[in-house]
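Trainee: Before we discuss anything, could you put the sequence and the structure up, and then let me ask about salt bridges and domains?

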Amino acid sequence: MEIKKIGVLGCGLMGSGIAQTAATAGFETIVCEVSDEVLGKGFAEIEKSLAKFAEKGTITAEHGKEIRGRLRGVTTFHELADCNIIIEAIIENLDVKRETFKQLDQLCKPNTIFASNTSSLSITEIMTPVSAQRKGRFVGLHFFNPVPLMKLVEVVRTILTDEEVYEEVVKFSAALGKVPARTSDKTGFIVNRLLVPYMLDAIRALEEGVGSIVDIDNAMKLGCGYPMGPFTLGDFVGLDTTYYIAEIMFNEFREKRFAPPSLLKRMVLAGLYGRKTGRGFYDYTADPKNPTPMNLQ
Ligand code: 3HC
């Protein structure tokens, strides 16, 4: 395989997980952030996750050392110039992503593959400022939270993606220890196309009094074998993120199933984003391991 050196742009929740996964799979990995302070936070998350794997015996102390040795944090794009693939996991803002790729296009080797971890923006739209040659080497690589545990990665092709490049990225995804799902650049790809309407429907069911937060969560968890009920999952993913994705999907498809329900909008306006702010459908502030359902009437 041609891909040996990985660049990861962004060391937040997703970027740190992607960098950890790449280093664990044996790749030399460079992760770029805006400052040492932000990098430090991302590396602290990686340490926490590696500690969990070590506790469980999934990795040995020696393996942990090797993983850390393959990971390097940097704060300038120049350091990514000779990577074989760059995986972008920065803020979900089209203009920021486009400007970032425009700069990287000028810095990187002509054969560097560019990949975006966007969950809902169009890959074709993100890649507009890069050269015609690079457009053939541009894909989506959509990972799932928590990245070190979730086995899936969506590999997204655009109508301009070179066949060989696409197959190389599929092979690379498998080498990361993930199961690649082949998909094309249609808003939401496979997972969010199906998952987002399900989560929004759960909120509508709550609004209509079909069941309580706990009963709806238990119904889907225990009745369908999902690892988390829809409200626990919403709080985990972030209700701001869920709202943002739903808005993009609704704008694209203009179908009611993607329209964010008014309760979701009010919760986001009120700062109830889920775990990250301490409250969402559940209140995590007293005991994060045993959250209590919120009264959202
Ligand atoms: N690194 C390493 N280990 C971790 C970890 C991490 N980041 N997070 C959790 N773990 C470990 C825990 O230590 C625990 O280990 P143990 O079994 O030895 O105790 C184990 O994983 C299980 O964790 P928990 O007991 O805390 O909880 P769960 O059994 O519920 O598992 C979960 C956690 C894997 C997150 C599981 O609940 C799950 O699969 N949930 C669904 C997640 C999901 O659907 N993600 C996709 C979201 S959608 C998305 O990302 C797309 C985007 O575009 C919106």
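Trainee: How many salt bridges does the structure hold?

Mentor: Bear in mind that this is a predicted model. Among the salt bridges is a network that links Lys5, Glu28 and Asp82, and another example pairs Arg257 with Glu255, whose closest N and O atoms are 2.5 Å apart. Taken over the structure, the number of salt bridges is 14.

Trainee: Turning to the domains, how many salt bridges are counted between domain 1 and domain 2?

Mentor: The chain is divided into domain 1 (5-184) and domain 2 (192-290), and their contact takes 8 residues from domain 1 and 5 residues from domain 2. About 560 Å² is buried between the two domains, with carbon and sulfur atoms giving 54% of that area. Across this interface there are 2 residue pairs in polar contact, whereas the count of salt bridges between domain 1 and domain 2 is 0.

Trainee: Which residues of domain 1 lose the most area to domain 2?

Mentor: The side of domain 1 that touches domain 2 has 2 nonpolar, 5 polar and 1 charged residues. Together accounting for 59% of what that side buries, the residues that lose the most area are Ser119, Ser120 and Asn145.

Conventions
Residues numbered from 1 in each chain as written. Predicted model: local features only at pLDDT ≥ 70, side-chain atom pairs only at ≥ 80, totals over all residues. Heavy atoms only, no water. Domains from an automatic or database assignment. Contact = heavy atoms within 4.5 Å. Buried area = accessible area lost by both parts, 1.4 Å probe. Salt bridge = Lys/Arg side-chain N within 4 Å of Asp/Glu carboxyl O. Polar contact = N/O pair within 3.5 Å; in protein donor to acceptor, adjacent residues only side chain to side chain. Nonpolar A, V, L, I, M, F, W, Y, C, P; charged D, E, K, R; others polar.
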